[in-house]
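Q: Please take a close look at one part of this structure. I am new to it and would welcome a connected account that also places this part within the whole chain.

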Amino acid sequence: MAPYKCSDGEWILPMATFNRRLATGYCAYLGFADDVSAFGIVDRDPYDPASAPFDDRNLALPIGFNFPSSCKVAELFEAKFLQKTALEWEAELEAAGLPCAVIQTWEAWMRDPDARAARIFAEVGGEVQLGRAAWVKSAGEYPDLQPMVDGAAAVARDRAAPPPAATAPPRQRPLEGFVICDFANVIAGPACGRMLAELGATVYKLGPGVPQHGPMVMMVWQAELHQGKHSIILDAKKVEAREVIQRAIKAADVVLVNKMDNQLVSLGLNREALDVANRKAILLQLKSHQGERYTRKSNWNGYDPALQGKTGLMTRFGPHDPAAVAREGAGAGVPNFHGVASCVDYLTGSCPGRPPGTSAAPPPHRCPSNEM
């Protein structure tokens with residue numbers, strides 16, 4: 001994973017180093033699959049011990065390429081990306097289901113027409129600021145944000161209000177007794193599931209036996225991110241596995257996913273399917289580009305590093321030239337709290353009405369909603 005200069009002098013960041021499908025997909029789409037094969041690079045199951053001799057030149061483990069292999073593939077990418085502008089590449093690759101991002105500054109992100117249309121940013125009192133971090137989908141269209149008037153008085157009034165009366169004995173942890181079905185992967189989604197577990201929920205992590213992400217992602221990173229969860233490994237293509245998934249969904253209070261809309265449909269985890277299996281379940285969907293309003297980019301693919309490039313985090317600590325900037329890690333970690341907090345509010349009765357939706361873009365947004 002590295003940024004590449006485009007024909008307009010701007011930079012594009014393709015996301016191809018974490019996932020086998022994306023690595024092979026990029027090579028096929030950009031037209032140099034045969035070249036990569038000629039370099040001696042293979043595509044083999046990274047979880048098969050017989051593949052170990054190829055670990056440093058395996059498309060299924062691109063993050064582990066040896067230096068010669070990395071340089072040869074990077075030269076192919078470099079020449080290809082010089083053929084079009086960064087925005088042209090971004091639109092084309094996202095349409096092909098290949099996540100990427102134009103690297104830009106925070107100021108450029110604030111001016112982005114799609115970010116404005118999605119209400120990720122809002123104009124309040126003549127100044128542009130981040131939009132709503134949470135919303136209730138069933139409430140319909142929200143009014144424009146307004147400047148706070150006499151904020152000190154409002155804070156004092158809230159502090160003076162008596163606390164709500166307890167309606168039940170206090171729990172040791174607020175989500176004890178609630179069940180979460182966690183279908184998320186990589187970092188942002190599993191971190192959200194771990195927070196729910198730490199708050200007392202029973203979290204069942206359901207995942208594939210042979211994932212597209214390599215062992216570094218699915219084993220090393222997950223050792224931390226799946227603490228406190230119960231793991232269920234299954235093949236969703238099998239009838240028996242589908243039955244297990246349906247039983248889990250029927251018992252769930254929250255279904256956690258970081259999949260795109262079309263993936264939810266294919267997995268039977270979209271809102272309409274959940275309404276048949278378990279209408280009370282909250283769908284907590286993590287996506288990269290969606291805001292309060294749905295736009296043409298709302299279903300674009302995304303990874304944490306891509307959003308760091310898109311939202312200006314990569315240029316925050318250095319010059320615009322991506323070759324010289326440092327990458328700030330775990331950009332999606334803290335914003336997960338918006339999704340978790342919204343679920344806690346709803347499950348514990350602090351937030352009446354239908355379950356909420358939340359947005360933390362930028363960085364990436366979180367959308368728990370009973371009506372997704």
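A: The part to begin with is a nonpolar surface patch of about 390 Å², formed by I63, M216, M219 and V220. A patch here consists of residues with over 30% relative accessible area and no salt bridge, with like charges joined within 9 Å and nonpolar side chains (Val, Leu, Ile, Met, Phe, Trp, Tyr) within 5 Å. A salt bridge is a side-chain nitrogen of Lys or Arg within 4 Å of a carboxyl oxygen of Asp or Glu. Accessible areas come from the Shrake-Rupley method with a 1.4 Å probe, and for residues only the protein chains shown count as cover.

The model is predicted: local features need pLDDT of at least 70 and side-chain atom pairs count only at pLDDT 80 or more, while totals for chains, interfaces and linings use all residues. Residues are numbered from 1 along each chain as its sequence is written, and side-chain values use heavy atoms, with hydrogens and water left out.

Helices (H or I, at least four residues) and strands (E, at least two) are DSSP runs, numbered from the N terminus. I63 counts as partly exposed because its relative accessibility is 48%; buried means under 20% relative accessible area, exposed over 50%, and partly exposed in between (1.4 Å probe, protein chains only).

Another loop residue, N185, is found between β7 (179-182) and α8 (188-198). N185 counts as buried because its relative accessibility is 17%. Leaving aside residues up to four places away in sequence, N185 touches P190, H213, N258 and K259, where contact means heavy atoms within 4.5 Å.

Buried residues also make up strand β2 (residues 11-14): W11 and L13 point one way, I12 and P14 the other way. Strand β1 (residues 4-5) runs antiparallel to β2 and is joined to it by two bridges; two strands pair if DSSP finds at least two bridges between them. The bridge partner of Y4 in β2 is I12. In the hairpin of β1 and β2, five residues lie between the strands, and G9 takes a positive phi near 85°. β2 also pairs with strand β3 (residues 100-103), in the antiparallel sense and over four bridges. There, I12 has V102 as its bridge partner in β3.

As for the whole protein chain, it has 15 helices and 13 strands, and buried residues make up 47% of its 372 residues. The chain exposes about 17,900 Å², of which carbon and sulfur atoms supply 56%.
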